[in-house]
Amino acid sequence: SDICVVFSLCVFLNVKYIITFLHLPLYPTTTPTPSPSPRPERLKVRLSGYPRKHNEGRIELFYKGEWGTICDDDFTIANAHVLCHHLGFVSATGWTHSAKYGKGQGKIWLDNVQCHGGEKSIEFCKSRGWGNSDCTHDEDAGVVCKDERIPGFVDSNDTHIGGLLNKVEEVRLRPVVGVAKKKLPITEGVVEVKYKDGWAQICDVGWTAKNTRVVCGMLGFPHERKVNKNFYRLYLERQKNNFHLHSVACTGTEVHLAACPLEFNKPNATSSCAGGMPAVISCMPGPLFMQNSGLKKKLKISSNVRLKGGAKVGEGRVEVLKDNVWGTVCDDRWNLLSASVVCRELGFGSAKEALTGARMGQGMGPIYMNEVKCLGQERSIWDCPVKNITSENCQHSEDAAVRCNVPYMGLETSIRITGGRTRYEGRVEVLTSDPNGTQSWGLICGENWSTKEAMVACRQLGLGYANQGLQETWYWDSSNVTDMVMSGVKCMGNEMALSQCQYHKTVSCQRAAAKFAAGVICSETASDLVLNASLVEQTVYIEDRPLHMLYCAAEEDCLSKSAAKANWPYGHRRLLRFSSQIHNIGRADFKPKAGRHSWVWHACHGHYHSMDIFTHYDLLNANGTKVAEGHKASFCLEDTDCQEGISKRYECANFGDQGITVGCWDLYRHDIDCQWIDITDIKPGNYIMQVVINPNYEVAESDFTNNAMKCNCKYDGHRIWFHNCHIGDALSEEAERRFEKYPGQLNNKIS
């Protein structure tokens, strides 16, 4: 099983790493040779780079008086085990390629390293030999060690210990002004770094706006602003300061202070900040985190870049707008510099992670950019050099995504979940204050609590997406909190906290017992369904179907109400037919909410229905009124076909499991029963045809904005034409407005 894991990991990360597994050299001209016999002193190894925790980082080796890196060619988890052991950790949980923790400097000491996993040190593994490499620092390898130390491990590696003391992991702003202390986010104050068990200051001699930009970016703010140093000088002169850093010299494009050139104060220095004071900065928050609503209107964030499919605020797949149509960015050469430009232009800080391989789900539509090479100072990703896309070099499986630094808002401190079997589920309890300022925990009334409210609760808790919103929680009755303190909660689904949703001013709850309190089940991943709009446009036609062929359809409520008054079995119904191809582009399978024990058997069509309402099909007139009754389609869900390399998992036959696998689609052909809108009673004119998938949010998805598809529709009484078919979030706002004002639509006559 270990071999399988390593092989899967290799395939996932990069094709060239498959060669690692087979133990074939990437460069046939070179035969791996054992490194020269080890020197008597123990090899020094350290973790470096940014942003990182203490148990991960770029690997650096000290050889011949010089620190250098290891190339990622042929790197394996076995190499990572050897290195993590060397550093005193019990094992490795992963390794990284392509300079994930930033590019090192100096020599690349080892290349094509091949360990078995049990070696005492990396120097005993096969490699090309010391200093023999054809790599660049873009290929520096890193490791992620399990955060558990080997019992009794003594680190004789002085440099590593020094590195532990002299490194910058955590940075904060300490507010000084009384008002600022109470408000979140903290945007101004003294810059402090975590040092030993406390916090230390930075000497501001030579401090520049570029340093401020880096610190603001780390803390989730896109811009820096000027600060009144004189005011702070008076206050700070009376304080005892503990200076840890000085001579910080950032270029302004770094994503972490640790990546800037800086010096640590020597413990015995007499005057640690001569002629200076602790560094003080002021940051400008993005509109989402701004308290002052007047300023909010002035601050413009990008209208031609957006993030989609992320669970938390400030993360998602990067999408860019070109010619009024949204498209994605290919992940070739995608890095923290380019990701930071996106984050800042959207009103967040610098990037925490630049994600590749469609880690936030696959997009639909065009791929606009490839090999984005931002320098870090650009105002928009549109200002960065990019390569033109060809269909051969990019697929949606390579869509780039980001995780941005966002300001600390403390939202998770006013909510918790209790009673669940895991930390991802439980009854929701919220912190409230009475008029005297006394805080206590309370419950939320479960009435009308749905997936949308659960989405906001899970986001506020930092637990990802909502899997389910529950209106009863008697099975999680473990807390002594029994009072209902919130009711009528109604969210759009994109809020950062439940307090930003609508709710009753005074609690009004029909079923006020604790067992009817709201609950959630959260998940790190979610499905995301989207309709193939162009297929609808290509397959639409009209059929006049005899009533004697529609008994089954009538039984399943697939015809408009007037059909009940028809002279059965004589006559016909006019049906607007088309094919629906529904893709799951998310990161979890789409599965019906109801278990198979509650599925309904439809004898007429000979299959089980796992969802009462899966899709609405509607014909709307110019003012948005429904003129043809939407068929509430209740289909069986299965994988009709999948992307290359993905296997089908769900099929309806023989009471099989129902669902749609990630990377697969469910096709309802135009010629199957109920795959239509009954337009028998419709007059000629211009309309909008709309399809909505999962309309009641019965099953959780990462993104509901792409669940609707609309087409302009022209009907002359005999024939029908569809055009401009598009997913609900595929066009710019301007293009969407033009779509709604389709010529002739306002008077509903053919022009």
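There are 13 aromatic pairs in this structure. A pair here means rings of Phe, Tyr or Trp (its six-membered ring) with centres within 6.5 Å; planes under 30 degrees apart count as stacked, over 60 as edge-to-face and the rest as tilted. Before the examples, a note on the source: this is a predicted model, in which local features need pLDDT of at least 70 and side-chain atom pairs count only at pLDDT 80 or more, while totals for chains, interfaces and linings use all residues. Residues are numbered from 1 along each chain as its sequence is written, and side-chain values use heavy atoms, with hydrogens and water left out.

Take Phe 75 and Trp 95. Their ring centres are 5.5 Å apart and the planes stand at 45°, so this pair is tilted. Phe 75 is in the loop between strand 4 (66-70) and helix 3 (77-86), and Trp 95 is in strand 5 (residues 92-96), so the pair ties together parts 20 residues apart in sequence. Helices (H or I, at least four residues) and strands (E, at least two) are DSSP runs, numbered from the N terminus.

Are these two residues buried or exposed? Phe 75 is buried, at 1% relative accessible area, and Trp 95 is buried as well, at 6%. The cut-offs are under 20% relative accessible area for buried, over 50% for exposed, and partly exposed in between, with a 1.4 Å probe and protein chains only.

Next, Trp 474 and Tyr 475. With centres 4.9 Å apart and planes at 75°, their rings make an edge-to-face pair. Tyr 475 is partly exposed, with 39% relative accessibility. Elsewhere, Tyr 63, Trp 109 and Trp 130 make up one aromatic cluster.

Some rings have a charge over them, meaning NZ of Lys or CZ of Arg within 6 Å of the ring centre and within 35 degrees of the ring normal. Arg 46 lies over the face of Trp 67, 4.0 Å from the ring centre. Arg 416 has its charged end over the ring of Trp 441, at 4.2 Å from the centre.

Now salt bridges. The term covers a side-chain nitrogen of Lys or Arg within 4 Å of a carboxyl oxygen of Asp or Glu. How many does the whole structure hold? The search finds 30 salt bridges.

One of them joins Arg 427 to Asp 477, with the closest N and O atoms 3.1 Å apart. Arg 427 belongs to strand 23 (residues 425-433) and Asp 477 to the loop between strand 25 (465-470) and strand 26 (484-486), so parts 50 residues apart in sequence are tied together. Arg 427 is buried, with a relative accessible area of 0%.

Arg 545 and Glu 543 form a salt bridge at 2.9 Å, N to O, and both residues are buried. Arg 719 and Asp 716 form another, at 3.2 Å. Here Arg 719 is exposed at 52% and Asp 716 partly exposed at 22%. There is also a network of salt bridges linking Arg 306, Lys 308, Arg 317, Glu 319, Asp 703 and Asp 729.

Four strands form an open sheet, in the order 28-31-37-36, with antiparallel pairing. Strand 28 (529-531) and strand 36 (641-642) are at the edges with a single partner strand each, so one side of each has no neighbour in the sheet. Two strands pair if DSSP finds at least two bridges between them. Strand 36 and strand 37 (residues 664-668) run antiparallel and are joined by two bridges. Asp 641 has Trp 665 in strand 37 as its bridge partner.
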